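The following exercises concern one protein structure.

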Amino acid sequence: MGVTNSNKVVNMDRISCDGSARVTLALTAAPDIITNPTDIVLALDRSGSMTGTPLASMKTGAKTFIDIIEEATDGVKDGQIGSGSRIGIVSFAETAEANTQLITSVDTLKNAVDGLSAGGSTNHGDAFAKATQLFDPASSNAKVIVMFTDGNTTTGVPPAPVAAAAKAQGIIIYCIGLVGSDGVDPNTLNEWASDPDASHVAITPDAAELEELFAELAANISKPGATNIEINETVTSDFVITSILSPTKGSASMLDSRSLKWTIPQLGVTASESAVLEFFIRHVSQTPGTKLVNESITYSDSEGNVVAFPAPTVSVECDVVVNPEACPTPVDLTVEGCSDAVVVDLGDTYLESQGRILQMDVTIKNVCPGKRVALAAILTEVDENGMEYQRGMKAMTIPAHSQPACRDVLVKCIKFVLPEDLDVSGGSTAAMCNQRRFKARFIAHNIDTDYRCCESVVTL
């Protein structure tokens, strides 16, 4: 049967900027369908949400599946499935029905598929039950159910126990999901499918890809396991591989911080068999967004199985990073001892950005001797609608004076730098040097106080 399924999943949908996630690669392979006759039931969703393109694409995919199995079983397109294998069709909406039994006639199978029409709710439980009833318990053929659906269960018994009972009878279940108008829950499909979940479930948001999914599954079912498997994985430059767990089959090693190789001598040669590799990645970029995990992944084996792995994404959330202007390069200078004044030529300097400097003076009234004052200057810019925008605040300590009485103190040269790119004052043009409107506020408080705790003398 060749490689019957392949998958790649990430255990996290969302991580932080330096977050980590676990990636799982999975493969399932089984023996050749010619030497291992197989009964296959296609359980096809024909509920109302399948109307239009989804139904047409499903029909094309199912008929392609039938053609590939037919040719694989006897090597010729003679209209009959050979070598003891058979296919049956079950379709479902509000209830399920067996559109054919397990048969070998390709024309009868395709006519049954073409005759399907969409309408009604979705009953997966009845679909699994009807599909299971088609198998002969006394037959030595391998037994496979391919469940196709585009939505969630809306009627009937819970399907999970019915699927579990089928698997207990040795039936292998694959699920193909289309993300349709009803939505499809990957966790639910994983619960229905045979283990490991990752290698028995395929989901696509595009109905046009259904034919490819059906064709890949049929082609791999018809091939003889896989030997000398080699998988090379490279993650994108936004990630690094931090560690690799021992795979369930074969061996894996890191080639560099972003690449690994997984080799498996043989898989599914004598019986259906699965292999899983888990490794951990960490995000190392500083940019947020939805990001692909793998840059490339290649597969090869001696049987020529065609294997395509999904390309999962992770949503990365990064804090806002502000990169201020670099500090200017300092110029060294020395002031000798006992020098009251020094003149030093420090060379040239250049304008780093366009802007203006606002210098304000303010007089603090009635400052008494020996009292330091805390002064705050708050500046806002006003737009044409009267809204205010913060442009800065400066806090300073005004030294105490020693005059004999309280007096006014003039504070000079309180400076604010006002870049032009912060201009919100409006105007008909965006030219430099527009008129800008500001509001300045000052708050002043004494720091020092003469307050002492009250003292009293009590005589009894």
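**Exercise 1: Charges**

Task: State how many positive and how many negative side chains the protein has, and how far apart the centres of the two sets lie.

Solution: The protein has 32 positive and 57 negative side chains. Lys and Arg count as positive and Asp and Glu as negative, while His and the chain ends are not counted. Each charge is placed at NZ of Lys, CZ of Arg, CG of Asp or CD of Glu. The centres of the two sets lie 10 Å apart.

The model is predicted: local features need pLDDT of at least 70 and side-chain atom pairs count only at pLDDT 80 or more, whereas totals for chains, interfaces and linings use all residues. Residues are numbered from 1 along each chain as its sequence is written, and side-chain values use heavy atoms, with hydrogens and water left out.

**Exercise 2: Overall form**

Task: Describe the protein by its secondary structure, its radius of gyration and the box that its C-alpha atoms fill.

Solution: Begin with the elements: there are six helices and 22 strands. These are DSSP runs numbered from the N terminus, helices (H or I) having at least four residues and strands (E) at least two. Next, the radius of gyration is 38 Å, whereas a compact globule of 460 residues would have one near 23 Å. The radius is taken over C-alpha atoms, and the globule rule is 2.2 Å times the number of residues to the power 0.38. Finally, the C-alpha atoms fill a box of roughly 115 × 75 × 50 Å along the principal axes.

**Exercise 3: The largest nonpolar core**

Task: Identify the residues that touch the most other members of the largest nonpolar core, and the element that gives the most to this core.

Solution: A nonpolar core is a set of buried Ala, Val, Leu, Ile, Met, Phe, Trp, Tyr and Cys residues joined through side-chain atoms within 4.5 Å. The largest has 35 residues, of which Leu44, Phe65, Ile69, Ile87, Val146 and Phe148 touch the most other members. Elements giving two or more residues include strand E4 (38-45), helix H1 (53-74) and strand E8 (172-178). H1 gives the most, with seven residues.

**Exercise 4: Leu178**

Task: Is Leu178 buried or exposed?

Solution: Leu178 is in strand E8. Because its relative accessibility is 2%, Leu178 counts as buried; the term means under 20% relative accessible area, with exposed over 50% and partly exposed in between (1.4 Å probe, protein chains only). Among the residues that Leu178 touches are Pro54, Phe148 and Leu210, a contact meaning heavy atoms within 4.5 Å.

Key: Lists of a residue's contacts leave out its neighbours within four places in sequence.
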